[in-house]
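Work through the following exercises with the sequence and the coordinates side by side, and try each task before reading its solution.

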Amino acid sequence: MKRNIIAIAIVLTIFGCQNGNKKYASADSVESNELSKEISDSTLTEKIIKTADMRFRVKDVQQTKEQLSKTIKAEGGTVAEFSIESTIQETDKVKQSTDSLKEITSYRTQGYLIAKVPSDKLDEFTNTIAKMAVFVDNQSMKMDDQSISYLANKLKAQNRIDAIEKINKVATKKSANVESSLYIKDDYVDKRIENMQIDNRVKFSTITLNFYQDNTVKTMVVANDNLYDYRPAFINRLWLGIVNGWTIFKEIIIAVSNIWMLILVGVVVFFVIKHFIRKDKIARELATKSLIENNQV
């Protein structure tokens, strides 16, 4: 009897495992079919991002910048960034009169502009720019295929929607699932934003333009900043020196008159010291003379 019961249990276990495997296999098959369907639907959309660069020489940088702005606007694009810079190559100042100089400056002007234009008009736009240039130094275009990244973001976003729906069914206000749901929602938003950015970059291509003109020479009259040239003539300066010398001499006399007592004391001390020195010198001479006479005797 026991043997029959054990045999029946083994048979039921085997059939149960087979049925379970069939269910899991069936679920995996359904999920794989759905994923394949989503991939096949998504791969139909091509996401190509185009970027271009150009460097060229023009006759006038400012006029070229204005023409570029008009052309970009006419093509349905926008100017994202621009700048114009002038760099001084050489400068010199020539004296024209006592109070004026002629300033001669050689400078180089360069322009920098970043624009976004519709991708389908990028080639036409670059051709238009080439016609504005005296000659083109270099130009390039790069194509970046973001189709796979776009598809990945789309599938991940869909997965997050499914996960949020499942979490919300069992979530409570005090459960940790609420925090997980918020995190997944934020990640879902990030994926959507990334795809929106890709869509925008696919629709509008970015082109970077560097343009310059030949060195320009400009002359203008400026004030003479050399202070030496503004001094009076030699005769005037000589007379002013004499007058200034007389003024200094009078100031010295006045200064000496304020210290006359110190000068007087100094003179007295000088003569007293001189007197003692002379007296000592005479005494030494007499002593030497006396010693010589004694030796002779």
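Two strands are taken to pair if DSSP finds at least two bridges between them. The model examined here is a predicted one.

**Exercise 1.** Determine in which sense β3 and β5 run, and how many bridges join them; then describe the pairing of β1 with β5.

*Solution.* Begin with strand β3, residues 100-118, which is joined to β5 by nine bridges, the two strands running antiparallel. Within this pair, Pro118 stands opposite Phe204 of β5. Turn next to strand β1, residues 48-57, which pairs with β5, residues 204-212, in the parallel sense over seven bridges; here Arg57 is the residue found opposite Tyr212.

**Exercise 2.** Check whether the span of helix α2 agrees with its number of residues, and explain how its buried residues are arranged around the axis.

*Solution.* First, α2 covers residues 61-74, and its 14 residues, at 1.5 Å a residue, should span 20 Å; because the end C-alpha atoms lie 20 Å apart, the two values agree. Second, list the residues of α2 that are buried, namely Val61, Thr64, Lys65, Leu68, Thr71 and Ile72. Viewed down the helix axis, these buried residues fall within an arc of 130°, and they therefore line one face of α2. Third, look at the other side of the helix, where Lys70, Lys73 and Ala74 are exposed.

**Exercise 3.** Identify what the buried residues of α2 pack against, and inspect both ends of the helix.

*Solution.* The buried residues of α2 pack against β1, β2, β3, α3 and β5. At the start of α2, a side-chain oxygen of Asp60 comes to within 3.1 Å of the backbone nitrogen of Gln62, while Gly76, with a positive phi near 85°, follows the helix.

Technical notes. Residues are numbered from 1 along each chain as its sequence is written. This is a predicted model: local features need pLDDT of at least 70, side-chain atom pairs count only at pLDDT 80 or more; totals for chains, interfaces and linings use all residues. Side-chain values use heavy atoms; hydrogens and water are left out. Helices (H or I, at least four residues) and strands (E, at least two) are DSSP runs, numbered from the N terminus. The expected span of a helix is 1.5 Å times one less than its number of residues. Buried means under 20% relative accessible area, exposed over 50%, partly exposed in between (1.4 Å probe, protein chains only). The arc is that of the directions from the helix axis to the C-beta atoms. Contact means heavy atoms within 4.5 Å. A polar contact is a pair of N or O atoms within 3.5 Å; within protein, one must be able to donate a hydrogen and the other to accept it, and residues adjacent in sequence count only if both atoms are side-chain atoms.
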